[in-house]
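Reader: I'm new to this one. Can you walk me through it?

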Amino acid sequence: MEIWNRHFECMDREELRKVQSERLIETVERIYFNVPYYRHKMQESGLGPEKIRSIDDLRKLPFTTKQDLRDNYPFGLFAVPMSEIVRIHASSGTTGKQTVVGYTRNDISTWSEVMARTLTCAGANRHDFIQIAYGYGLFTGGLGLHYGGEKIGASVIPISGGNTQRQIQIMHDFGSTVLACTPSYALYLAEAMLESGISRNEFRLKAGVFGAEPWTENMRREIEDKLMIKAIDIYGLSEVIGPGVASECLVQEGLHISEDHFYPEIIDPETLEVLPEGEIGELVFTTLTKEGLPLIRYRTRDLTRLNFGRCKCGRTMVRMDKCLGRSDDMLIIRGVNLFPSQVESVLLEMSEIKPHYQLIVDRVNNLDTLELKVEVDEAFFLDKISQLETLRMKLQDNLQSSLGLGIKVSLVEPKILERSEGKAKRVIDRRKF
Ligand code: DLL
């Protein structure tokens with residue numbers, strides 16, 4: 001099995017710890033002197049950069065959250081002048097206050113490096129044709145894979161997402177060997193390939209690098225059977241760098257984290273205590289080399305556990321389990337991150353509607369669907385059916401324009417949705433992951 005960067009990926013763990021300590025010290029100095037927000041936060045806890053002498057001191061530092069990024073929107077946490085920033089991305093979330101991330105030239109080079117590791121993990125090399133069906137744009141999926149693909153010398157096909165018939169034709173005609181997209185789109189493509197009537201033998205596909213949303217072992221089996229490929233799980237988040245944070249190798253027993261760049265911790269999301277090795281909790285990352293947007297103890301909200309055991313592939317980098325869920329209520333619908341509270345704020349702007357609602361998530365033909373059931377105000381409900389239809393369309397449009405996501409709206413009679421005594425059950429997720 002090929003390894004992209006044997007020096008780091010197979011580094012002795014003692015030595016790795018030294019590298020992590022050195023890099024943490026540099027990062028803390030950088031943020032203390034360049035980001036007023038971090039300086040104030042550290043000063044509040046009585047910390048100066050001199051208190052951080054090794055990776056063991058990380059626990060002294062405060063956590064960072066998505067809210068901190070939003071409060072400093074758009075560029076407030078950047079640690080370099082804007083003249084040093086060569087690229088800006090934003091979370092795949094909806095409009096309004098997105099989380100914005102910036103990269104220096106060195107950050108782009110780090111990103112290409114970790115993506116080269118990811119693709120090599122999946123068995124790709126310079127002889128491969130990589131069809132990138134992740135979206136290009138502010139979302140980090142498309143360009144992240146793109147730079148990694150070029151770095152390993154593969155032939156990159158930047159087709160971006162959607163247009164399924166064209167995907168299949170290009171995959172066939174160009175002889176794509178590696179497919180990069182979300183796992184749900186991979187399944188959708190698999191069905192469309194079957195329907196296309198072209199025999200599997202005419203495709204050269206051998207592997208897929210799938211991520212950006214949760215998926216299960218069952219889904220993996222289905223994708224592997226239908227596409228007759230190795231389906232590799234890749235993980236990342238915009239705030240930390242994008243894809244490239246962690247990737248499965250061909251052994252498929254956990255995702256190797258590029259620990260020389262992103263230091264992981266697992267915490268209890270309630271008490272915020274660091275948990276012992278092997279326990280399930282929330283994944284937290286500290287970036288060790290990033291210049292544009294260094295992050296200290298960033299709470300991902302993703303639930304998983306770490307395995308420091310040696311992997312059969314020879315890499316020593318710690319492995320995380322497939323993500324088991326989230327410690328908040330964020331949904332990922334067709335790759336778009338959505339919080340129920342964002343739907344709620346659109347509802348609150350319309351007086352004809354009551355904020356009693358339910359979101360029903362399902363999967364039809366392997367694509368996510370989202371339906372909103374919402375109660376109409378009593379006074380309004382007595383009006384004509386045509387007016388109700390106008391209201392429904394208006395709400396659907398408002399949701400589309402402020403969330404950037406098509407949501408099917410169903411209006412229901414007042415007081416029909418179940419009221420709960422505890423936490424309202426806003427989301428019914430019928431997808432079988
Ligand atoms: O989804 C980056 C990415 C692109 C990863 C392409 C992999 C492939 P965001 O849009 O910021 O970034 O969303 C990050 O997506 O916190 C997880 O909840 C979820 N996620 C990403 N990869 C996986 C995965 C990109 N393999 C959020 N399994 C993260 C489960 C994943 N969830």
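Reader: Where does Ser91 lie?
Author: Ser91 is in the loop between β1 and β2 (100-104). Helices (H or I, at least four residues) and strands (E, at least two) are DSSP runs, numbered from the N terminus. This is a predicted model: local features need pLDDT of at least 70, side-chain atom pairs count only at pLDDT 80 or more, and totals for chains, interfaces and linings use all residues. Residues are numbered from 1 along each chain as its sequence is written, and side-chain values use heavy atoms, with hydrogens and water left out.

Reader: Is Ser91 buried or exposed?
Author: Ser91 counts as buried, at 7% relative accessibility. Buried means under 20% relative accessible area, exposed over 50%, and partly exposed in between (1.4 Å probe, protein chains only).

Reader: What does Ser91 touch?
Author: Not counting residues up to four places away in sequence, Ser91 touches Lys66, Gln98, Thr99 and Ser238. Contact means heavy atoms within 4.5 Å.

Reader: And where is His89 found?
Author: His89 sits in strand β1 (residues 85-90). His89 is buried, with a relative accessible area of 1%.

Reader: Which residues is His89 in contact with?
Author: Leaving aside neighbours within four places in sequence, the list for His89 includes Thr99, Val100, Tyr103, Trp111, Leu138 and Leu143. A polar atom of the His89 side chain lies 2.8 Å from the backbone oxygen of Leu138. A polar contact is a pair of N or O atoms within 3.5 Å; within protein, one must be able to donate a hydrogen and the other to accept it, and residues adjacent in sequence count only if both atoms are side-chain atoms.

Reader: Next, Lys290. Buried or exposed?
Author: Lys290 counts as buried, at 2% relative accessibility. Lys290 lies in the loop between β11 and β12 (298-304).

Reader: What does the side chain of Lys290 reach?
Author: The Lys290 side chain reaches the backbone oxygen of Val240 at 3.0 Å. Not counting residues up to four places away in sequence, Lys290 touches Arg30, Asp107, Glu239, Val240 and Ile241. Lys290 and Ile241 are 49 residues apart along the chain, and their C-alpha atoms are separated by 8.5 Å.

Reader: Switching to helices. How do α2 and α3 cross?
Author: The axes of α2 (residues 13-34) and α3 (residues 36-44) come within 5 Å and cross at roughly 105°. That makes α2 roughly perpendicular to α3. Axes are lines fitted to C-alpha atoms, for helices over the stretch in contact, and angles run from 0 to 180 degrees between N-to-C directions. Angles under 35 degrees count as roughly parallel, over 145 as roughly antiparallel, 65 to 115 as roughly perpendicular and the rest as oblique.

Reader: What about α5 and α6?
Author: The axes of α5 (residues 105-121) and α6 (residues 140-151) come within 7 Å and cross at roughly 75°. The two helices, α5 and α6, are therefore roughly perpendicular to each other. The residues of their contact divide into seven nonpolar, five polar and two charged. Here Ala, Val, Leu, Ile, Met, Phe, Trp, Tyr, Cys and Pro count as nonpolar, Asp, Glu, Lys and Arg as charged, and the others, Gly among them, as polar.

Reader: At what angle do α10 and α12 cross?
Author: Roughly 130°, with the axes of α10 (residues 340-348) and α12 (residues 385-403) coming within 10 Å. That makes α10 oblique to α12.

Reader: Which residues meet there?
Author: Gln342, Val343, Val346 and Leu347 in α10 meet Leu395, Asn398, Leu399, Ser402 and Leu403 in α12. By class, the contact of α10 with α12 has six nonpolar, three polar and no charged residues.

Reader: Now the backbone. Which residues does a cis peptide bond join?
Author: Tyr73 and Pro74, with omega about -10°. Pro74 is in the loop between α4 (66-71) and β1. Most peptide bonds are trans, and most residues other than glycine have a negative phi.

Reader: What is phi for Asn163?
Author: About 55°, a positive phi, although Asn163 is not a glycine. Asn163 is found in the loop between β4 (155-157) and α7 (164-174).

Reader: And phi of Leu272: what is it?
Author: Phi of Leu272 is near 65°, also positive in a residue other than glycine. Leu272 is partly exposed, with a relative accessible area of 31%.
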